[in-house]
Amino acid sequence: MTNKLIDLHAVAALVPNGATLSFGGFTTQRHPMAFVYELVRLKRRDLYLFGHSPGGDWDILIGAGCVKRVELAYEADEAFNTVGPRWRQAVERGEIEWEDYSNFSMVSRFAAGAMGIPFMPIRSLLGSDLLRKQALTDEQRAADPRTSPKKLHCMTSPFNPQDQVVLVPAIHTDFAVLHVQKATVNGTVRIEGQTFADVQQALCANTVIVTAEEIVEEEALRHEPERNLIPFFAVKYICHVPFGSHPYAVYNYYDYDPLQLKEYHENADGDATFQGYLEKYVYGVKDHREYLVRVGGQARLDQLRAAPGYGYNPELKRRRL
Amino acid sequence: MAGQDYTLTELMAVIAAREIKDGEIVFAGTGLPMLGVMLAQRTHAPNCCIIFEAGTAASQLAHLPMSVGDPRVMREAAIAAGLNEIFSYVLQAGRVDVGFLSGAQVDRFGNINSTSIGPDPRHPTVRFSGSGGACDIACLARRTIIIALHEKRRFPEKVDYVTSPGWLEGGDSRQKAGLTRGGPSAVVTTMGVLRFRPDTHATYLASYHPGLSPQALAEATGFPLDTEGAAETPAPTAQELRILREEVDPERIFLK
């Protein structure tokens, strides 16, 4: 047993400028937001992000000027807003480098990296411009080992000349950062509900950082090993961060926060209002505890708490806020 | 809609529901498709099951999700896993009967753009969220249904970026590209329903919504619209409207 507990600020500070990262979660769920806010406060620059369907975790990092290049399938808070406002603007203003894939191709890329193989064949993308076109030039790719030298490769199955597949290149990142329901100080991790691509993202990273709602005893998770998906020896650091995904949802713990998401989306379009949002909720607070007070403290957080038997709050007011 | 006791969103949700057959495996995203599947489950297709790409199959939704990863999709699901399991073992394996898609532009062969507007995607005038799972569903579901706003600029001769392949250039071009199954079967728009001729795979107008004419749709379409044989879209029944309003979306998350 090793004690892998570390302070959130200290572990975020280990990420250098120019690092490659992926974050767990999916659109409006289980992003490691407390960690993301730390990266913004640390003013990290030139980060390379890899993801399938991120949401505001990427949007706030892109808007704060922390990101140089992304490889993705989608970036939005889904039904809360059809496109991430800072992502949209960064592309339209030429302030970010990116490459477009689909969710299946990105997840297959993480899976290939996690399995230690160079690529994965899939039957998707055929006939699409995701296959025909690329946003990064060959020169940009050749110049930077953090990006695959080739976006995709089409081939015929060696076993059947009628069978066409697309090979997607493996991803290996410096860091994967997950936010989960339960973890032990030893690095055993319990994800409840949908797992998204957290397991593949973790297992293709050099350094895995896990922030958790609860730190529990090792025996509590070893009692049901079939519910644990990432072995402790693949995890380097553990942080205890209650409400660490706010304003996003954590199944069985709390719902997304429609009021906070509304405030973000009302402010994220304009440069000055977005800066105002950052000042109020990120730069203007010392740490995640202060952030939680700033968003409304215990009274607000209690409104988000998941009801037993649901895993979310069935009474949550989601419209006409 | 003027003079009618239902809204356009309600009409489109009802049309989407009627496209689903009992027992089918349905791959749905947030918004209108979810309304359609939940209505179908409560009317003619009690055994259809809904797949969410973030990792669940056969949810028994009690509250409308705002994301396919929403904790609400966990409600009495048959399995909870992740994207890899859903995309590999369910979608790519050929187990999805029908998938719902939408986008900013749709062309006459049902190719969809949800990436960006402008001739050069490296320097777009407008950028969108991106494919998400849409391209994968378009390639790998057994058929797809497209939901779209019917405006001339949204129905161009050619989309600026093929995010989700439909029938490509028509005829057998989809098969020639290596796609062995699937293809769009209907485009449910704010003005009518388009379908595809079996040989050319070009769209034709199957129905126009109550109060509209085939001419109005042709004028709102950026390519010549084949309107031969088009009929009026059947209106929602009182029972469909009651279920939609009282059971499917009483919170009015998506219903307008």
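Q: What do the buried residues of α2(A) pack against?
A: This is a predicted model. In it, the buried residues of α2(A) pack against helices and strands of chain A. The helices are α1 (8-12), α3 (56-63), α11 (271-283) and α12 (288-294). The strands are β8 (173-183) and β10 (205-215).

Q: How many residues of helix α2 of chain A are buried?
A: A residue counts as buried if 20 or more other C-beta atoms lie within 10 Å of its own. Helix α2 (residues 33-41) of chain A has nine residues, and seven of them are buried. The helix is mostly covered. The buried residues are Met33(A), Ala34(A), Phe35(A), Val36(A), Tyr37(A), Glu38(A) and Leu39(A).

Q: Which residue takes a positive phi just after α2(A)?
A: Look at Lys43(A). Its phi is about 55°.

Q: Now the sheets. How do strands pair?
A: Strands of a sheet pair through backbone hydrogen bonds, either parallel or antiparallel. Here is a case from chain A. Three strands form an open sheet in the order β5-β7-β6, with antiparallel pairing.

Q: Which strands are at the edges?
A: They are β5 (119-122) and β6 (153-157) of chain A. Each pairs on one side only. Neighbouring strands of this sheet are turned by 40° against each other on average, direction ignored.

Q: How many bridges join β6(A) to β7 of chain A?
A: Five bridges join β6(A) to strand β7 (residues 160-169), and the two run antiparallel. For one pair of partners, find Met155(A) and look across to Val165(A) in β7(A).

Q: Which helix lies across β5 and β7 of chain A?
A: That is α5 (residues 103-115) of chain A. Helix α5 runs at about 145° to β5(A).

Q: Let us turn to chain B. How many helices and strands does chain B have?
A: Chain B has seven helices and 14 strands. Its radius of gyration is 18 Å, close to the 18 Å that the globule rule gives for 256 residues, so chain B is as compact as a globular protein of that length. The C-alpha trace of chain B spans about 45 × 45 × 35 Å along its principal axes. Buried residues make up 57% of the 256 residues.

Q: How many residues of chain B are in contact with chain A?
A: Count 49 residues of chain B, in contact with 53 residues of chain A. Helices α3 (83-92) and α4 (134-140) of chain B are the elements that give two or more residues to this side of chain B. The residues on this side divide into 21 nonpolar, 19 polar and nine charged.

Terms used
Residues are numbered from 1 along each chain as its sequence is written. Chains are lettered from A and ligands numbered from 1 in the order in which they are written. This is a predicted model: local features need pLDDT of at least 70, side-chain atom pairs count only at pLDDT 80 or more; totals for chains, interfaces and linings use all residues. Two residues are in contact if their C-beta atoms, placed from the backbone, lie within 7 Å. Helices (H or I, at least four residues) and strands (E, at least two) are DSSP runs, numbered from the N terminus. Ala, Val, Leu, Ile, Met, Phe, Trp, Tyr, Cys and Pro count as nonpolar, Asp, Glu, Lys and Arg as charged, and the others, Gly among them, as polar. Two strands pair if DSSP finds at least two bridges between them. Axes are lines fitted to C-alpha atoms, for helices over the stretch in contact, and angles run from 0 to 180 degrees between N-to-C directions. A residue is buried if 20 or more other C-beta atoms lie within 10 Å of its own, exposed if 12 or fewer, and partly exposed in between; C-beta atoms are placed from the backbone. The radius of gyration is taken over C-alpha atoms; the globule rule is 2.2 Å times the number of residues to the power 0.38.
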